[in-house]
Amino acid sequence: MDLTLSQVELRFQQHVHDFLDAELKPEWRGVSDIDNRTQPAIMAQWQAVLAEKGWLTAGWPVANGGLGWSPMQHHIFKEACSKARAPKISTMSIGMIGPLICAFGTPAQQAFYLPRIVNGADIWCQGFSEPGSGSDLASLKTTARREGDAYVVSGQKIWTTYAHLASQMFCLVRTDVGAVQKQAGISMLLMDMALPGITVRPIHTIDGEHHFNEVFFDDVRVPITCLLGGEHQGWDVARALLAFERSGIADVVATRQLLNDVAAIAAGEPRGTSSLLDDDDFANRLTKMEIALDSLEIYELRVMEAAERGAAKDFDASILKILGSELKQKIHMLGIEALGTLAAVWPDGDAPAHPSGAGRKLVVDALFFRAGSIYGGANEIQRNIVAKSLLKSGSEI
Ligand SMILES: Cc1cc2nc3c(=O)[nH]c(=O)nc-3n(C[C@H](O)[C@H](O)[C@H](O)COP(=O)(O)OP(=O)(O)OC[C@H]3O[C@@H](n4cnc5c(N)ncnc54)[C@H](O)[C@@H]3O)c2cc1C
């Protein structure tokens, strides 16, 4: 594929840069992915600016407010936002449940939920994993039995990111406990987190933050109008959603920013008369990671372009997830090596700030992102998916 920008694309790129220069407040710049989780207000303000411009939902179907951008336009936009250090936008709301409601929602569901996603009235969380049902998601045990005009939900979810902030959950439940095939008896419910019978308990992570939770359901009555897709059809809905989630995890532009941060840290580390960046071994490893990132970027663009033609392979999202998450973890480790003893001091301690200013963010990011090869479906499972697809079809990547 030709990666040279056309005149139209160059003009679009300039337009995006001008917009960011004008609209992105200095205090919003540099709010990292991690900080976004603790500063939802900044994310919401930035999303409002993008919504006003019509760019928040650029990737949605045109009928639902999308802009029909080409894969390259999406890439240009993401790259410009990353370079300008704009706050991230909510993957869960804008990147996952929004497109899913566009694809599977009834007209009434689309009319109710989509505007609330765009104007930030709702924050969403994903209720899939349960104790004992993570990789083997189809074994989930939370039940929803039909009683009149409601499903009565009982059970437990775990590792639910944002459940403590969310007003809505998209939740997988078992509606047919007798189904022979375990995938067959599952449905997806859009659940108001204020419903009586829902309890959220925090789980703290190694980075010291509160990202995720346990969620308990004690006979929660969810109106049947909140069923997304058909009854017992939830597995197909979930599969569509997981593909959005996995491809997003590759996040090439953010990883490039991370790579640049690592280079900046190394440039500030004296080595003899020069810096760590000029050390042969370090420079060699950094360059190899840069090359790997370049190839991942091209692969991601190829997948986006194929998806637009309806020609993406079902394992593409898994490959992007594996390569993207593992490369990012390697870059994090190189950054920690470059920080040296500064990385060993807990972020809120009295350590002198690293000259590049990137130290604290990198350590917190690196600790959190150990989870990048687990969430969205563990990488071992993704490797199984890729292997099964290739062996079954006998095709080449
Ligand atoms: C930071 C973070 C955020 C998360 N957010 C959410 C969320 O918002 N909503 C949600 O629903 N879930 C969320 N999860 C849960 C996540 O999806 C699960 O952790 C993941 O699917 C793995 O499931 P598990 O933890 O039960 O591990 P298990 O399934 O118990 O797996 C444990 C280990 O065994 C390996 N393994 C299991 N089965 C096989 C197999 N067949 N072949 C080879 N290896 C195998 C796995 O790869 C893994 O290494 C989050 C997880 C993390 C870490």
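A polar contact is a pair of N or O atoms within 3.5 Å; within protein, one must be able to donate a hydrogen and the other to accept it, and residues adjacent in sequence count only if both atoms are side-chain atoms. The model is predicted, with local features needing pLDDT of at least 70 and side-chain atom pairs pLDDT 80 or more, while totals for chains, interfaces and linings use all residues. Residues are numbered from 1 along each chain as its sequence is written, and side-chain values use heavy atoms, leaving out hydrogens and water.

**Ligand contacts**
- The side chain of Ser135 has an N or O atom 2.6 Å from an oxygen atom of the ligand.
- In the side chain of Asn384, an N or O atom lies 3.2 Å from a nitrogen atom of the ligand.

**Shell around the ligand**
- The ligand is surrounded by 18 residues, each with a heavy atom within 4 Å of it.
- Among the closest are Gln126, Ser129 and Glu380.
- Domain 2 (124–241) and domain 3 (246–392) each give at least three residues to this shell; the bounds come from an automatic or database domain assignment.

**Domains**
- Besides domain 2 and domain 3, the protein has domain 1 (7–89).
- The centres of domain 2 and domain 3, taken over C-alpha atoms, are 31 Å apart.
- Five residues of domain 2 and six residues of domain 3 make the contact (heavy atoms within 4.5 Å).
- About 530 Å² is buried between domain 2 and domain 3, counted as the accessible area (1.4 Å probe) that two parts lose on being put together, summed over both.
- Carbon and sulfur atoms give 70% of that buried area.
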